[in-house]
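Dear colleague,

Please find the structure below, followed by an account of what was found in it. I would be grateful if you could read the notes with the coordinates open.

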Amino acid sequence: MKKISSVFWISVFIVIIAVAYGALAPSSFEEVTNNMKNFITSSFGWYYLLVVTGIVLFCIFFIVSPMGQITLGKPDEEPEYSRMSWFAMLFSAGMGIGLVFWGAAEPLSHFAINPATAQPGTDEAFKESMRFTFFHWGIHAWAIYGVVAMCLAYFQFRKEEPGLISATLKPIFGERMNGPFGTLINVLAVVATVVGVATTLGFGAIQINGGLAYLFDIPNSFSVQIVIIVVVTILFIASAWSGLSKGIKYLSNLNMVLAVILLALVVILGPTLLIFNTFTDTIGSYLQNLPRMSFRAAPLDDENRAWINSWTIFYWAWWISWAPFVGIFIARVSRGRTIREFLVVVLMLPTLLSFFWFSVFGATAMDVQMKGTDLSGLLTEETLFAVFNEMPMSMVLSIIAVILIAIFFITSADSATFVLGMQTSYGSLLPPNGVKLTWGVSTAAVAIILLSANGLTALQNALIIAALPFSFVMIFMMIAFYKALDKERKEMGLMVRPYDKRYKK
């Protein structure tokens with residue numbers, strides 16, 4: 001019990017209060033979270049846009065700066081993993097339930113249901129749908145993850161601080177990070193992670209249910225989704241209890257193989273030429289329109305503003321809430337890389353993989369829609385399977401997708417449980433099993449409560465609410481990182497401005 005920090009008890013208390021409120025008064029819970037979400041999106045939407053774009057610019061600065069040659073580790077330290085192994089792990093981090101859940105559904109929604117600005121079903125809507133999908137899953141998302149991972153890796157591996165969010169703020173707040181203020185910072189990170197992971201579990205349960213309903217006529221209902229969450233929770237808690245076993249490594253490798261197989265089959269069986277043309281054209285359109293999309297707030301158009309709130313602001317909040325979890329994972333596998341190499345690869349490799357994934361599934365879904373099969377009235381979780389139904393080998397594709405989602409579900413939850421355990425036991429790389437068990441049950445309970453309170457809407461509301469306070473932490477992390485790195489730059493004599501003899505050693 002000595003390893004359990006006060007962060008654990010405070011975070012668990014907050015989660016219990018939220019779960020109890022949601023369980024005992026679901027209607028009130030939905031109303032309160034919806035009001036909070038509406039207030040944040042209407043009052044702070046501009047803030048999310050500025051902060052996330054600022055994070056992208058922050059990353060670009062360190063890519064081109066001489067400080068980019070500084071190592072995330074000791075000065076002469078070699079990378080812990082080979083480049084190929086590192087790439088593979090970043091690929092694993094970049095793939096998840098979200099890509100499978102939204103792969104066909106998001107481009108289709110932007111094209112046929114509710115485009116950002118164009119008329120539904122038009123050629124312009126087709127191009128716009130892919131451009132905004134790339135925007136939501138591209139460099140901005142990975143810059144959020146990359147900043148948190150870079151800060152954690154620098155302070156943990158170069159400065160030998162514990163792997164906690166609070167430790168990255170010591171250049172600003174000093175030893176106060178070892179007291180109540182530091183505890184507050186870590187609690188914010190844990191609560192944001194719990195909500196982010198619970199939301200992903202909710203999405204996974206919804207889509208597994210959708211797949212089972214298509215394959216075996218199992219009812220698509222809240223009760224079935226509860227059973228799915230309970231079964232998967234038992235599996236990932238058993239894995240977390242046993243540690244980093246060969247079984248989970250096997251499942252992770254199997255998942256990557258299944259993802260590649262599913263991707264290849266859809267490329268071959270789907271509209272192959274349209275897929276590659278869409279991928280190529282949208283990259284150009286994305287780069288051309290990136291500045292405008294990054295700052296698009298639509299202040300005089302309520303309809304466009306509502307679209308931005310429900311898509312762009314939701315995604316920025318989702319990535320921020322997941323940043324502590326994914327950041328810790330990326331930091332752990334990136335020891336020994338230079339800042340420049342780290343940022344270039346973390347920003348570009350998963351982004352390009354996501355772009356191709358959405359080009360494959362998005363173009364295929366919109367092609368089905370344009371050929372006369374109306375997918376616009378389907379539930380989000382049913383879209384992917386409805387697309388497969390219009391293709392050869394539909395049953396094989398659907399079975400692979402369900403297995404893929406289920407394994408993503410287990411491995412992501414297992415990793416999140418470990419990270420939450422680490423964050424609430426003083427950064428221990430071997431958190432107590434009781435702590436991991438508590439977080440496994442807690443994330444499952446939050447997922448069930450959010451699903452009971454109007455499903456997807458409640459999930460999105462919770463994300464936007466939880467991400468706001470942690471966004472302020474991220475700003476402080478960037479300031480602290482720059483302050484520490486600038487001090488080291490002066491000591492090393494690295495120039496970011498014209499020569500000045502004051503900085504010559």
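Glu381 is placed in the loop between helix 14 (339–370) and helix 15 (383–389); helices here are DSSP runs of H or I with at least four residues, strands are runs of E with at least two, and both are numbered from the N terminus. The model is a predicted one: local features need pLDDT of at least 70 and side-chain atom pairs count only at pLDDT 80 or more, while totals for chains, interfaces and linings use all residues. Residues are numbered from 1 along each chain as its sequence is written, and side-chain values use heavy atoms, with hydrogens and water left out.

With a relative accessible area of 7%, Glu381 is buried (buried is under 20% relative accessible area, exposed is over 50%, and partly exposed lies in between, with a 1.4 Å probe and protein chains only). Apart from its neighbours within four places in sequence, Glu381 is in contact with Phe101, Ile206, Gln207, Gly210 and Asn220, where contact means heavy atoms within 4.5 Å. The C-alpha atoms of Glu381 and Val224 are 14 Å apart in space, and the two residues are 157 apart in sequence.

Leu188 belongs to helix 9 (residues 180–216). Its relative accessible area of 24% makes Leu188 partly exposed. Beyond the neighbours within four places in sequence, Leu188 is in contact with Pro469, Phe470 and Val473. Of these, Phe470 is 282 residues from Leu188 in sequence, yet the C-alpha to C-alpha distance is 6.1 Å.

Helix 7 (residues 139–158) has 19 of its 20 residues buried, so it is largely enclosed by the rest of the structure. Glu160 follows helix 7 and sits in the loop between helix 7 and helix 8 (170–173). The phi of Glu160 is near 60°, a positive value in a residue other than glycine. Glu160 counts as exposed, at 60% relative accessibility.

A positive phi in a residue other than glycine is also found at Ala298, where the value is near 45°. Ala298 lies in the loop between helix 12 (272–294) and helix 13 (302–333). At 14% relative accessibility, Ala298 counts as buried.

As to cysteines, the structure holds zero disulfides, a disulfide being a pair of cysteine sulfur atoms within 2.5 Å. For Cys59, the nearest cysteine sulfur is that of Cys151, 8.9 Å away; this separation is too far for a bond. Cys59 counts as buried at 0% relative accessibility, and Cys151 counts as buried at 0% as well.

Turning to the chain as a whole, there are 18 helices and zero strands. The radius of gyration is 22 Å, close to the 23 Å that the globule rule gives for 505 residues, so the chain is as compact as a globular protein of that length; the radius is taken over C-alpha atoms, and the rule is 2.2 Å times the number of residues to the power 0.38. The C-alpha trace spans about 70 × 50 × 50 Å along its principal axes. Buried residues make up 59% of the 505. Of the contacts between residues at least 6 apart in sequence, 81% join residues at least 24 apart.

Yours sincerely
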